[in-house]
Each structure stands twice: as structure tokens, then as C-alpha cells.
Amino acid sequence: MNKQPLLILAVCFIAGILFQDKISLDKNIICLLVGICLLISISTFLKSYLLHKAKPYLLGLMFFGIGIILHFFNSFSSQNIAVAKNETIFFKISRKLNSTEKNKKYEAIAQTGSTIFNIVLYIPKDHDELDFNHYYKSNVFITKPKSPEYDFQFDYAQYLRRKNIEYQCYSNNGVSSVQRNDLSLGEKFSQKRLEVLKKINDAKMSSKTKEFLKGIVLADRTETDTQTLQDFNRSGLVHFLAISGTHIVVVFGLFYFLLVRISPLKFRKYAIVSSLTFIWLFAAFIGFGNSVVRSCIMLSIYYGYVLLQRKPDLLHSLALSAFIILIVDTQQIFDVGFQLSFLAVLGIFWLNEPILKYFPKQDNLFKKLIFNTISISVSAQLATLPLVLYYFHQFSFISIIANFFIVPFSEIIIVFSFLMTVLIAFRFNFSLIDQTYDFIIRLLLKIIHWFADFDSLFFENISMNLVEVFSLFLIVYLMRFIILKFNIKNSSRVLMSVFAFFLLRIGFTFYENQKEEILVHEFSKNKILSIKKGDKACFWIQDIADREKIERFIINPYCASRRLNDIEIKSFPKSVRQVVYHGKIYQIN
């Protein structure tokens with residue numbers, strides 16, 4: 001507690017959130033916990049030897065309780081709104097989401113009668129973009145997303161509830177609008193962002209370059225084509241496309257560099273304050289994503305230490321940023337981006353310096369930039385690998401090579417992209433610069449596509465449960481010691497942890513392969529029958545069904561969950577009601 005008090009208290013706070021989410025204590029117990037936390041808080045001011053000794057444990061217990069209490073008040077409770085399936089609603093958008101093949105998607109605040117509720121809105125893809133400058137009216141089909149039938153499926157209903165959304169609305173009769181004059185400051189920022197995005201759409205560059213530019217600077221990937229997203233995922237470079245800490249640091253560094261060059265030495269501290277103010281405005285402009293907010297908070301705390309002439313502490317900054325984000329919204333702990341963002345920083349703290357020692361001497365700025373970029377990327381990838389396998393069930397060995405080639409140039413591309421956005425936003429048209437940027441990004445996307453095409457190095461449907469995840473984290477933790485000092489003691493610890501991981505994995509696989517299972521899945525009004533025997537399974541799908549989507553959303557998650565080694569996919573006409581497999585008859589309906 002003496003060395004990292006904030007980090008330990010943050011862990012206790014997070015444990016409280018997870019406990020409440022799993023157990024769901026009722027209101028009476030929460031009131032009791034409030035009283036206990038108040039008593040503990042008062043006891044910290046009392047002078048007693050026993051209380052002094054017990055203070056670290058009492059503080060940990062208090063923050064555990066605070067986590068429970070805050071999550072109780074922040075949990076979504078069903079509104080049970082009495083609405084018909086077809087209803088006329090008035091709404092305003094709050095966020096644009098990734099489009100589907102047929103529809104544009106928005107998060108919106110809707111009203112029918114006197115009832116106000118949050119929705120996910122679907123409108124036809126050929127409809128004009130909605131904006132923050134208007135209120136809208138539409139006749140919609142209202143539905144509640146259903147919880148999944150089986151444990152291996154993504155629970156979209158729970159995902160929406162964590163965002164206080166319970167309904168999906170499909171516009172079926174056009175959308176009418178009326179001008180607004182009551183925009184909040186946040187909505188004004190969001191509207192300006194939409195206007196810049198529209199200006200990028202009008203730029204004379206290829207569509208893929210424009211979508212890349214919108215994603216890397218303005219955190220808008222809503223219209224990025226499926227092939228590009230797949231290339232970034234398969235090459236392990238999706239962190240490059242997403243707005244992350246690297247982007248914020250680069251933007252801060254660029255602005256700070258310009259201010260330092262034009263301001264006198266005595267105003268140097270004002271350059272830091274101005275740069276911090278700018279990145280917070282930038283964060284507000286692109287929508288306060290998790291990794292963006294975390295990066296802004298950490299940079300603010302770090303340079304706060306610098307301005308106060310105190311030694312900065314990365315873990316203190318990390319813990320404090322976690323506190324701030326989770327106090328505002330405890331549901332953020334369940335966001336995959338939040339988890340990966342904080343784990344990446346922990347990985348950099350734990351592994352970057354040891355890995356950097358294996359690189360040649362950094363005797364100039366270029367070497368320092370390249371070697372630090374590579375070591376930071378490797379550290380972050382190692383730390384986040386267990387969760388990546390758990391959530392996405394895929395890994396590509398080519399990602400290691402791709403990161404070595406692409407990441408060192410990421411800062412140059414981010415700066416160039418940021419400058420391009422500024423030029424486009426202020427309508428400074430320089431065709432030569434546009435063509436140069438377009439050429440570089442198209443070349444970059446081709447290289448990434450080339451990396452993504454190494455199918456032999458790409459593995460998917462990797463099974464992983466939480467026990468295996470924590471055993472992998474243990475291996476990552478022990479790697480620091482063997483990197484710092486390779487000896488029998490450290491290497492034996494790593495080997496034992498690797499052996500334990502594979503022993504656990506073999507045990508879980510053996511247990512799963514003893515089961516037999518017959519399931520009927522429903523997907524987009526289609527029936528899919530699956531019969532599992534040991535590590536093999538056979539799937540029957542209708543001829544008219546979209547096989548690619550069924551593989552993506554049903555078959556692949558099932559294979560990863562049940563640890564299958566071999567699958568067979570068969571098709572049948574829609575009129576079929578029974579199938580025969582290994583001499584047995586199975587009902588589809």
C-alpha cells in the first residue's frame with residue numbers, strides 16, 4: 001500500500017463493481033454498505049494504534065464498498081415502456097454507429113407521449129445523414145433485442161443495457177425534421193465534427209483513403225468497408241486505425257512543438273498548459289472515447305507533476321484516470337476498449353524498459369524513436385494478448401512482423417493525417433498534397449492487405465476461458481524477470497507457468513470433448529441444426545441462408561466455445577423438417 005496506494009485502491013474499487021454486477025445486492029444491503037463506508041471514513045481520522053495498523057485494509061474495504069454502491073446506482077433498470085410495435089416517435093441523435101449493409105445506425109434519445117427513452121435507430125442507407133442540428137419525427141417499428149439462446153453467443157441486449165438502451169427502432173416511413181436552437185456544448189462539438197467528416201467526403205481522394213483519414217483522426221469508422229477492417233484485424237494493426245494513446249501523444253507533441261518554437265523560454269510552462277487544453281478540446285471534438293480520455297487524463301497528471309516539479313508516476317496516473325472514468329460511469333469497466341487500453345499501459349510499464357535493453361544503443365533521435373516505438377508496441381501486444389484471445393478468439397503471427405514494419409512510421413502518418421484534416425476543415429485545397437497523401441495511404445493499405453493475406457499464419461476459433469486468461473497473464477508477468485536476467489531460477493518459473501497453462505488447456509479441452517450436444521439455432525429467420533460429438537460437429541443450414549454471416553456469428557463462436565477440431569457444413573431446402581445423421585433422425589422445427 002505504501003508504494004502504489006492508488007493502484008491498489010483502484011483494484012479494490014473495480015473488484016466492488018464486478019462483485020455488484022455478478023451478485024446484484026438489493027437496496028437494503030446497499031444502505032448498510034453506505035453506513036459502513038461512512039464509519040470507515042470517519043475512523044481514518046481517529047488516533048488509535050490498532051486503527052493505524054488496520055488502515056490499509058479498511059481503506060481497501062471502503063473502496064470495495066464504494067465500487068458496489070456506485071455500480072448499484074449506475075445499473076440500468078428496465079423502463080417497461082408501454083409502446084406499440086409501430087409508433088410515431090420524436091427524437092434527436094446522440095451518436096452515429098457503424099452502418100450495416102442495409103441501414104445507417106444511430107444512438108438517439110426518443111420520446112413518445114410523455115415517455116423519454118434511449119434507442120438504437122436504423123434508417124435506410126440511402127437516406128440523408130442525420131445531424132445534431134435537427135429534431136426528427138418518424139414512424140418506426142419498435143423491438144427489444146433478445147438475450148442469446150446459448151452461452152457462446154454475444155449478448156447484444158446486455159451490451160445495450162450497459163449503455164442504458166433497451167429498444168431498437170426501425171424507420172419504415174421516412175424521417176421529417178425541424179431545426180433545433182437548443183444545442184448543448186457537447187452537441188455543438190459533435191455537429192462540427194460531422195461537418196468536418198462531410199468535408200472529407202468531398203475531398204478529391206479515393207474512398208478508402210477518406211475512410212482511413214476519418215478513422216485515424218476523427219475516430220469515425222462507421223462507413224469503413226468490411227475488407228479494410230478485416231485487413232487491419234488479420235494483420236494485428238487495428239490499434240493503428242483506432243484512436244489510441246499514441247494518437248493523443250502525437251497530437252500533444254505536435255502542438256507543444258509548435259508553441260515552444262514561437263514562445264519565449266519563460267513561457268514554456270504555458271505551452272504545456274495550452275497543449276493540454278488543446279488535447280482535451282480535441283477529445284471533446286471526437287467524442288471522448290475510453291482510450292482518448294484515459295490518455296488525456298494520464299498526460300494531464302504527468303505534466304501536472306512536471307509543472308509542480310515532482311517525479312511523475314505512471315501507475316498513479318493510470319489508477320487516477322481509471323477512478324475518474326469509472327466514477328462517472330462504472331459500466332465502462334465492461335467495455336473491451338477500456339480493458340485493452342489500460343492493460344496496454346500496464347504492459348508498457350512492466351515490459352518496455354526490459355525489452356528496450358536488447359536494442360542497440362540509442363545514440364540519436366531517429367534510433368530512439370524507432371526502437372522505443374517497436375518496444376512499446378511489443379510490450380502492449382504481449383500484455384493485451386490474453387484478452388484479445390478471450391474476446392476475439394483469433395491471432396496472427398504475421399502481426400508481429402507487420403507491427404515491426406508499420407508502427408515505426410505510425411507517428412509520421414498520424415501527423416500527416418492530422419494536418420490533412422486541418423487543411424480540409426478550413427477548405428485549403430492543395431491538389432498536390434491531396435494526391436501525395438492519397439498515394440501514401442493507398443500504398444499503406446495495400447501493404448497491410450498483403451500482410452493480412454498470410455492465411456497460414458492466421459489462426460481463428462481459438463478457445464479461451466477466464467482461467468486460461470489469468471494463467472497467460474501470469475506468464476506475461478514472469479517474462480519481465482527472465483528478460484531482465486536470464487538464469488535458471490527465472491527461466492524455471494516461466495517454464496513452470498507455461499507448463500501449467502498447457503496442462504489447464506488440455507484439461508478443459510478433454511472435459512469439453514466428452515460432451516455431446518444437439519442444438520437448433522435461429523439466425524435471421526433461418527434455422528440451423530448442429531450436432532456435436534466429441535471434438536467434431538456437423539451443421540445443417542438452409543440453402544437460402546447467408547452462409548458467410550452464419551459462419552461468422554454462429555459456427556465460429558460455437559467452435560471456439562466447444563473447442564472443436566473438425567466441423568462439417570451441410571445445406572438443406574427450406575421445406576425440410578428432419579435430417580438423418582449417423583442413422584438417427586433429428587427434428588429441425
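Where is Arg427 found? Arg427 sits in the loop that connects helix 16 with helix 17 (431–452), where helices (H or I, at least four residues) and strands (E, at least two) are DSSP runs numbered from the N terminus. Although Arg427 is not a glycine, its phi is positive, at about 55 degrees. The residue counts as exposed because its relative accessible area is 55%; the classes used here are buried, under 20% relative accessible area, exposed, over 50%, and partly exposed in between, with a 1.4 Å probe and protein chains only.

The model is predicted, and local features need pLDDT of at least 70, side-chain atom pairs count only at pLDDT 80 or more, and totals for chains, interfaces and linings use all residues. Residues are numbered from 1 along each chain as its sequence is written, and side-chain values use heavy atoms, with hydrogens and water left out.

Arg563 is not a glycine either, yet has a phi of about 60 degrees, and belongs to the loop between helix 20 (547–562) and strand 11 (566–572). Arg563 counts as buried because its relative accessibility is 8%. For a sense of distance, Ser300 lies 127 residues from Arg427 in sequence and 32 Å from it in space, C-alpha to C-alpha. Ser300 is part of helix 11 (residues 290–307) and, at 21% relative accessibility, is partly exposed.

Strand 12 (residues 578–581) and strand 13 (residues 584–587) run antiparallel and are joined by 4 bridges; two strands pair if DSSP finds at least two bridges between them. Val580 has Ile585 of strand 13 as its bridge partner. Between the two strands of this hairpin there are 2 residues, and His582 adopts a positive phi near 55 degrees.

Charged pairs come next. Side chains of opposite charge can pair when their charged atoms come close. With a salt bridge taken as a side-chain nitrogen of Lys or Arg within 4 Å of a carboxyl oxygen of Asp or Glu, the count comes to 26 salt bridges. One of them joins the side chains of Glu107 and Lys163, at 2.4 Å from N to O. This pair links distant parts of the chain, 56 residues apart, with Glu107 in strand 2 (residues 103–112) and Lys163 in the loop between helix 4 (156–161) and strand 5 (167–179). Glu107 is buried at 11% relative accessibility, whereas Lys163 is partly exposed at 27%.

Arg193 and Asp220 form another salt bridge, with the closest N and O atoms 3.9 Å apart. Because Arg193 lies in helix 5 and Asp220 in the loop between helix 6 and helix 7 (226–234), the pair ties together parts that are 27 residues apart in sequence. Both Arg193 and Asp220 are buried. In the salt bridge between Glu516 and Lys533, the closest N and O atoms are 3.6 Å apart. Glu516 belongs to strand 8 (residues 516–523) and Lys533 to strand 9 (residues 526–533), so this pair ties together parts that are 17 residues apart in sequence. Glu516 is exposed, at 60% relative accessibility, and Lys533 is partly exposed, at 27%. Elsewhere, salt bridges with shared partners join Lys92, Arg180, Asp182 and Glu187 into one network.

Nonpolar groups complete the picture. Phe397, Ile400, Ile401, Phe404, Phe405 and Phe459 make a nonpolar surface patch of about 570 Å². Patches consist of residues with over 30% relative accessible area and no salt bridge, where like charges are joined within 9 Å and nonpolar side chains (Val, Leu, Ile, Met, Phe, Trp, Tyr) within 5 Å; accessible areas come from the Shrake-Rupley method with a 1.4 Å probe, and for residues only the protein chains shown count as cover. Helix 15 (residues 398–406) gives the most to this patch, with 4 residues. Ile401 lies in helix 15 and is partly exposed at 39% relative accessibility.
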